[in-house]
Amino acid sequence: MKETIYTIPINDAYDIKCGCPICTIEKKLETESLEYVMGAAMMEPDVRLETNRLGFCEKHFDKMLTMKNRLSLALMLQSYLTDLIEEGLPEKSLLMTKKKYENISKKLSEATQNCFVCDRVNEKLGQYIRNVVYLWQSDSQFQAKTREQEYFCPKHLALLLEAAKKGVSKSNYSKFCEDHFNTSRKKLLSLLEDVTKFCNSYNYMFRDVPLGDANVAVERTIDFLNGREEKK
Ligand SMILES: [Zn+2]
Ligand SMILES: [Zn+2]
């Protein structure tokens, strides 16, 4: 089946030219997925089966707690707990076998290590990444736009380079890497400069050098590495 090409949302994110464009796409997908699951979808039996099976991670439970529709969340939790007790942690019975305990262990691992929202976001993001690679490969204007980005965060740079192994022709692969590496390198160098300035501020030889923006270099670097919006 032919994959949908998300040209418009990708170009919208690349037109902002502030921060990592893939982070912009991922944030949008996360908001959409949270709204989806906290909306009517939570009442749909198919979705409920999936939320019971996968559960949610700490980050997304916390985000759902800040959203409206507390009843919807409570109903989902009621169903999740019932399912976990009935299937995951049944009353001890003489009929239990090693095989059954293994199944319970598998189910518990699945429900506590996965997340319905993360899975949905990752699946859609994978499709977006393949589309970005396709756009770069087929459109020289998009290549120019790529070089105008502020940076690509490490997580998304890794995903792009991995997808390019399949999606970009052999003759273009080095150019694809160059376009993305050069953009990210500028950002890494400026972070390194600020972190070094911050480290030097502990050395009396540099006591007269003003810190300026480098006073939040540690926070800014950690935000960058985690794909979070930077502190100013
Ligand atoms: Zn990113
Ligand atoms: Zn999650």
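Rings of Phe, Tyr and Trp (its six-membered ring) pair if their centres lie within 6.5 Å; planes under 30 degrees apart count as stacked, over 60 as edge-to-face and the rest as tilted. By that rule, a search of the whole structure finds eight aromatic pairs. This is a predicted model, in which local features need pLDDT of at least 70 and side-chain atom pairs count only at pLDDT 80 or more, while totals for chains, interfaces and linings use all residues. Residues are numbered from 1 along each chain as its sequence is written, chains are lettered from A and ligands numbered from 1 in the order in which they are written, and side-chain values use heavy atoms, with hydrogens and water left out.

**Aromatic pairs**

- Y14 and F142 form a tilted pair, with 4.6 Å between centres and 45 degrees between the planes.
- The pair links distant parts of the chain: Y14 belongs to helix 1 and F142 to helix 8 (residues 140-147), 128 residues apart. Helices here (H or I, at least four residues) are DSSP runs, numbered from the N terminus; strands (E) need at least two residues.
- Y14 is buried at 0% relative accessibility. Buried means under 20% relative accessible area, exposed over 50%, and partly exposed in between (1.4 Å probe, protein chains only).
- F142 is also buried, at 2%.
- Ring pairs join Y14, F142 and F152 into a cluster.
- Y151 and F224 make an edge-to-face pair, 5.1 Å centre to centre, with 70 degrees between the planes.
- Y151 sits in the loop between helix 8 and helix 9 and F224 in helix 11 (residues 217-225), so this pair ties together parts 73 residues apart in sequence.
- Y151 is buried at 7% relative accessible area, and F224 is buried at 2%.

**Charge over a ring**

- The charged end of R120 sits over the ring of Y36, 3.9 Å from its centre.
- The criterion is NZ of Lys or CZ of Arg within 6 Å of the ring centre and within 35 degrees of the ring normal.

**Zinc ion (ligand 1)**

- Its protein donors are C20 (SG), C23 (SG), C153 (SG) and H156 (ND1), at 2.0 to 2.3 Å.
- Donors are N, O and S atoms within 2.8 Å of the metal (3.2 Å for Na, K and Ca); water is not among the atoms, so sites may look incomplete.
- The four donor atoms of the zinc ion (ligand 1) give angles of 95 to 119 degrees, and the site is tetrahedral.
- Four donors count as tetrahedral if all angles lie between 85 and 135 degrees; four count as square planar and six as octahedral if opposite donors are over 155 degrees apart and all others between 65 and 115; anything else is irregular.
- Along the chain, the donors of the zinc ion (ligand 1) are spaced C-x2-C-x129-C-x2-H.
- C23 lies in helix 2 and C153 in the loop between helix 8 and helix 9, so the pair ties together parts 130 residues apart in sequence.
- C23 is buried at 10% relative accessibility. C153 is buried at 2%.

- C57, in the loop between helix 3 and helix 4 (58-65), and C115, in the loop between helix 6 (98-113) and helix 7, link distant parts of the chain, 58 residues apart.
- C57 is partly exposed at 21% relative accessibility, whereas C115 is buried at 2%.

**Nonpolar core**

- The largest nonpolar core has 44 residues; I10, I22, I25, V37, F56, V117 and F176 touch the most other members.
- Such a core is a set of buried Ala, Val, Leu, Ile, Met, Phe, Trp, Tyr and Cys residues joined through side-chain atoms within 4.5 Å.
- Elements that give two or more residues to this core include helix 1 (7-16), helix 2 (21-38), helix 7 (116-138) and helix 10 (170-200).
- Helix 7 supplies the largest share, ten residues.
- V37 touches M42, T51, F56, M64, F116 and V117, not counting residues up to four places away in sequence. Contact means heavy atoms within 4.5 Å.

- In helix 3, the buried residues include V47, R48, T51, N52 and L54.
- G55 follows helix 3 and has a positive phi, near 65 degrees.
- E162 is in helix 9 and is partly exposed at 49% relative accessibility.
- E162 and A74 are 88 residues apart in sequence and 40 Å apart in space, C-alpha to C-alpha.
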